[in-house]
Amino acid sequence: MPRAPGKIFADGPRELADALVEALRAAVTQHDVSETLTHPFHSYPARLHPGTARVLAELFAERATPSTVIVDPFCGSGTTLVEARAAGMRAVGSDLNPLAVLVARAKTWTVPVRRRNEMRDLGHELAGQALAAGKAARRSGAAPAPKRKPKGFDPNARDRRLAAWFAPHVRRELELIATLIEERREDDAEIADVLIACLSAILYKVSSRASDTDSTWVDKNVPRGAASRHFIQRVELLHAGLADLGRAGGPPDVVELDARNLHEVIPDGKAGGVITSPPYAGTYDYADHQRLRFDFLGLRHKGLDEGEIGSRRSFDTSGPLAEREWRTALSDSLASISRALAPGAFAAIVIGDSWAGGRAMYALDDIRSALPGDLGVAAWASQLRPMLGAGERNAFGTRTKAEHVMLLQRG
Ligand SMILES: C[S@@+](CC[C@H](N)C(=O)[O-])C[C@H]1O[C@@H](n2cnc3c(N)ncnc32)[C@H](O)[C@@H]1O
């Protein structure tokens, strides 16, 4: 759904401030961008609006040279990377969430047509096998698929956790598709990963979990064969989106990395620009939102459990400590971004105010006070957002909650 437009304030040189205002408005004025390229492929909590990412990518592309690399250190599902590639720029993405890396790689898998078609053909073949095996098993009464035992997961504990979320026939069908994909990994690990991302995209739809951010159990009547059919639709959706995204320059590098260690993925001073949206203080729990996918797909997530910045769970247990840790993490992330940027280059940061640990957190102020000496604010735009519930209204008082786009410049 398009967001309700709120009043916008901005400051900075006219051309830059106007672009930031347009970036905020794009969530409404360019809402349809969400349905283009590979954007609709996979849900992701607090995804950057693709319209906003497009406006920012185009702003950076106007100033780019053929060697400009755009970096997103909190790339999530890869929205910025998709738009940077669509605007003809090279891109590098990183995120501490292994699921984000899997999804962002799939969404930016700009390979030659032959490879893309191989992926689609294999997806059809495996879904066909899963459907046929399901029918055969129903006729003979045999169990169609063994349960997988991903490395690093206690099989019994994993089984118990998953059993609550999938009807037995759905679980068997999903396990069979995953097994068939994994059997092909030795021949073609790249395509196996893309197909696993397709399976991930349908997991919550065929589970009893309400959504990524809502872990309520809901009764869903998922017919036999539905998982295979949804899977193949997702394969087709990705195939079409990648065809629209094109192949100039090949896929970007996307790595699992803490944003505070950007030098491991981009040499100091080599980023021509950063477009990113860090976590909002105390708002999401990326590790918890994806636990069902981690369990099913066998994704190890110790790094995210320990290193996630600003998670809601950290504010739930100790507000003041979480707030101190949040400020330190923000300043370390900005220092890492500054170090990566070329002199004079810009970083666009999209971030929102939040209600964390019972307190109003003003993101624009937090960023300003976390800035390292060599990073200055070139322009900003803020859009007022509705406050939800009495607690939030009390905490924010007369200074209304807002969403911001800041343009920082390396000195
Ligand atoms: C607001 S989301 C980014 C969404 C992304 N722009 C998109 O469109 O999908 C923030 C991201 O920060 C990641 N994150 C949290 N702590 C991190 C850390 N220490 N280092 C790197 N990424 C982290 C989360 O996994 C999440 O993907």
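1. Three residue pairs are in polar contact between domain 1 and domain 2, both residues at pLDDT 80 or more. A polar contact is a pair of N or O atoms within 3.5 Å; within protein, one must be able to donate a hydrogen and the other to accept it, and residues adjacent in sequence count only if both atoms are side-chain atoms. Salt bridges between domain 1 and domain 2 number zero. A salt bridge needs a side-chain nitrogen of Lys or Arg within 4 Å of a carboxyl oxygen of Asp or Glu.

2. A word on the model. It is predicted: local features need pLDDT of at least 70, side-chain atom pairs count only at pLDDT 80 or more, and totals for chains, interfaces and linings use all residues. Residues are numbered from 1 along each chain as its sequence is written, and side-chain values use heavy atoms, with hydrogens and water left out.

3. Where do the domains run? Domain 1 covers 8-106 + 252-288 + 301-410, and domain 2 covers 113-245. These bounds come from an automatic or database domain assignment. The centres of domain 1 and domain 2, taken over C-alpha atoms, are 31 Å apart. Domain 1 gives 16 residues to the contact and domain 2 gives 17. Contact means heavy atoms within 4.5 Å.

4. How much area do domain 1 and domain 2 bury between them? The value is about 1400 Å², with 70% of it on carbon and sulfur atoms. Buried area is the accessible area (1.4 Å probe) that two parts lose on being put together, summed over both. On the side of domain 1 that touches domain 2, helix 3 (79-86) and helix 4 (98-107) are the elements that give two or more residues. Helices (H or I, at least four residues) and strands (E, at least two) are DSSP runs, numbered from the N terminus. That side of domain 1 has 11 nonpolar, three polar and two charged residues. Here Ala, Val, Leu, Ile, Met, Phe, Trp, Tyr, Cys and Pro count as nonpolar, Asp, Glu, Lys and Arg as charged, and the others, Gly among them, as polar.

5. Look at Arg293, in helix 11 (residues 291-297). Is Arg293 buried or exposed? Arg293 counts as buried because its relative accessibility is 0%. The cut-offs are under 20% relative accessible area for buried, over 50% for exposed, and partly exposed in between (1.4 Å probe, protein chains only). The side chain of Arg293 reaches the backbone oxygen of Ser200 at 3.0 Å. Gly269 sits in the loop between strand 4 (253-256) and strand 5 (271-276). Gly269 and Leu341 are 72 residues apart in sequence, yet 4.7 Å apart in space, C-alpha to C-alpha. Gly269 is partly exposed, because its relative accessibility is 26%. Leu131 lies in helix 5 (residues 113-140). Leu131 and Ser228 are 97 residues apart in sequence and 6.6 Å apart in space, C-alpha to C-alpha. Leaving aside neighbours within four places in sequence, Leu131 is in contact with Glu173, Gly225, Ser228 and Arg229.

6. Check two backbone angles. Most residues other than glycine have a negative phi. Leu37 has a positive phi, near 50°. Ala46 has a positive phi too, near 55°. Leu37 is in the loop between helix 1 (14-29) and helix 2 (50-62), and Ala46 is in the loop between helix 1 and helix 2. Leu37 counts as buried, because its relative accessibility is 16%. Ala46 is partly exposed, with a relative accessible area of 34%.
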